[in-house]
Amino acid sequence: MSKTKNAVLWIVAIILTLSLVVYQRATGPTYPVNGKVVIGNETIKYKLLRTQGGDVNAPVEIEVADKEITGKVTYKRFKSFDEWTTVEMEREGDKLVSSLPNLPPAGKIEYTVHLYKNGIEYQLNEDPAVLRYKGEVPLAVLVPHIFFMFIAMLFAWRAGLEALFKGSDNQYFTKIILITLGIGGLILGPIVQKYAFDAYWTGWPFGNDLTDNKTLATFIFWLIAWFRLSKKPTERTWVFVAFVVMIATYIIPHSTLGSEIDYTKEENLKIENTLPE
C-alpha cells in the first residue's frame with residue numbers, strides 16, 4: 001500500500017473514531033437531559049444530571065433570572081416502594097438550586113423539576129430523569145482505561161479499512177487491537193467498575209451489563225481474527241467481521257443495562273427504606 005493511501009486511511013480512521021467517541025458521549029443513560037422552556041419573556045435552558053460520582057449529593061441547578069419564578073424538585077429512589085418527596089428550590093442569584101440525596105454506588109434516583117410563575121406550573125421533564133450514583137474512580141485508573149479503549153477503537157477502524165482495501169497489515173493491526181482492548185477493557189475495565197459500582201464484572205454470566213458483554217464479545221471476535229491470520233496471513237474475512245462486530249457494539253450506548261440497585265427486592269429493603277430530605 002502506498003504511503004499516500006496509508007496516510008489517507010489513517011486520517012479517515014481518526015475522523016471516524018472521533019465521531020464515534022462524540023456519539024458515545026451524547027447518547028446513553030448517563031447523558032444529561034437537556035431542554036428549554038419559555039416562561040413569560042424568558043427562555044430557560046436546563047440540564048438535568050443523570051450520573052453523579054463520589055459521596056456527595058447530586059446538584060439540581062436551573063439558570064432563572066426572573067425572581068418571580070420559583071421551583072420544586074420531586075424525587076424518589078428508582079425501583080423502590082418510596083413515596084415521592086417534594087422539596088422547594090432555593091434562589092442563589094440568578095439560579096434556582098436544590099440537590100438529590102446521595103445513594104450507595106449503583107443506587108438510582110428518579111426526579112422531575114417544576115417551575116412556577118403566577119400560579120402556573122411548568123414541568124421541565126415530563127418523564128422523570130433517572131440519575132445513577134457511582135463511586136469515585138481514581139484518574140490513575142480511569143485515564144489509562146480511556147486511552148487504551150480509544151486506541152483499540154482507532155486501530156479497529158484502521159483494520160476495517162485495511163481489510164476493505166485489501167491491505168497486508170491486518171495481522172499487525174489485529175495484534176494491537178487485542179493488546180489494547182485486553183488491557184483497557186478486560187483488565188482496567190473491571191477495576192474501573194469495582195471503584196464505581198463495587199463489582200468487577202456485571203456482564204455474562206453474572207448480569208446483563210451490555211458494556212461488559214460487548215467488550216467480551218468484541219475481544220472474542222478479534223481473537224478469532226488473530227487466530228485465522230496466524231494460519232493464513234492473507235485472510236481478511238474475519239478481520240472485517242470482527243470490525244463490524246466492534247463498531248456495532250460501540251453503537252450501543254455506553255452504560256446501557258448497567259449496575260443498579262433494585263430497592264424492591266427483599267435483600268435490598270434493608271438499605272434505608274426512605275430517603276432523607
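I take the expected span of a helix as 1.5 Å times one less than its number of residues. Helices (H or I, at least four residues) and strands (E, at least two) are DSSP runs, numbered from the N terminus.

**Entry 1: the model and its conventions**

I note that this is a predicted model, in which local features need pLDDT of at least 70 and side-chain atom pairs count only at pLDDT 80 or more, while totals for chains, interfaces and linings use all residues. Residues are numbered from 1 along each chain as its sequence is written, and side-chain values use heavy atoms, with hydrogens and water left out.

**Entry 2: the whole chain**

I looked up the overall make-up and found five helices and 11 strands in the protein chain. Along the principal axes, the C-alpha atoms fill a box of roughly 75 × 50 × 30 Å. I call a residue buried under 20% relative accessible area, exposed over 50% and partly exposed in between, using a 1.4 Å probe and protein chains only. Of the 277 residues in the protein chain, 43% are buried. I then turned to contacts, meaning heavy atoms within 4.5 Å. Among contacts in the protein chain with a separation of 6 or more, 69% are between residues 24 or more positions apart.

**Entry 3: helix 5 and helix 4**

I began with helix 5, whose 15 residues reach 21 Å from the first C-alpha to the last, close to the 21 Å expected at 1.5 Å a residue. Its buried residues are Val239, Ala242, Phe243, Val245, Met246, Ile247, Thr249 and Tyr250. I looked for what covers them, and the cover includes helix 1, helix 2, helix 3 and helix 4.

I went on to helix 4 (residues 210-231), which has 22 residues and reaches 32 Å from its first C-alpha to its last, close to the 32 Å expected at 1.5 Å a residue. I listed the buried residues of helix 4 as Thr211, Asp212, Lys214, Thr215, Thr218, Phe219, Trp222, Ala225 and Leu229. Seen down the helix axis, the buried residues of helix 4 fall within an arc of 165°, so they line one face of the helix; the arc is that of the directions from the helix axis to the C-beta atoms. As background, an α-helix has 3.6 residues a turn, so residues three or four places apart point the same way. The buried residues of helix 4 pack against helix 1 (3-26), helix 2 (139-164), helix 3 (170-197) and helix 5 (237-251).

**Entry 4: aromatic pairs**

I count rings of Phe, Tyr and Trp (its six-membered ring) as a pair if their centres lie within 6.5 Å, with planes under 30 degrees apart stacked, over 60 edge-to-face and the rest tilted. A search of the whole structure gave me nine aromatic pairs. One of them, Trp10 with Phe173, is edge-to-face, at 5.9 Å centre to centre and 80° between the planes. Trp10 lies in helix 1 and Phe173 in helix 3, so the pair ties together parts that are 163 residues apart in sequence. Trp10 is partly exposed at 23% relative accessibility, whereas Phe173 is buried at 2%. I also found that Trp10, Phe155, Tyr172 and Phe173 form one aromatic cluster.

**Entry 5: strand pairing**

I treat two strands as paired if DSSP finds at least two bridges between them. Strand 3 (residues 51-53) pairs with strand 11 (residues 129-134) in the parallel sense over three bridges, and Thr51 has Arg132 as its bridge partner in strand 11. Strand 9 and strand 11 run antiparallel and are joined by four bridges; here Glu110 stands opposite Val130.

I found four bridges between strand 5 (residues 70-77) and strand 6, which also run antiparallel. Lys72 stands opposite Glu88 in strand 6. Strand 6 (residues 85-88) has a covered face, Thr85 and Val87, and an uncovered one, Thr86 and Glu88.

**Entry 6: loop residues**

I examined Asp82, in the loop between strand 5 and strand 6, and it is buried at 11% relative accessibility. Its side chain is joined to that of Arg77 by a polar contact of 2.7 Å, a term for a pair of N or O atoms within 3.5 Å; within protein, one must be able to donate a hydrogen and the other to accept it, and residues adjacent in sequence count only if both atoms are side-chain atoms.

I next checked backbone angles: most residues other than glycine have a negative phi. Lys79, not a glycine, has a positive phi of about 55°. Lys79 lies in the loop between strand 5 and strand 6 and is partly exposed at 35% relative accessibility. Ala106 has a positive phi near 80°. I placed Ala106 in the loop between strand 8 (95-100) and strand 9 (108-117), where it is buried at 6% relative accessibility.
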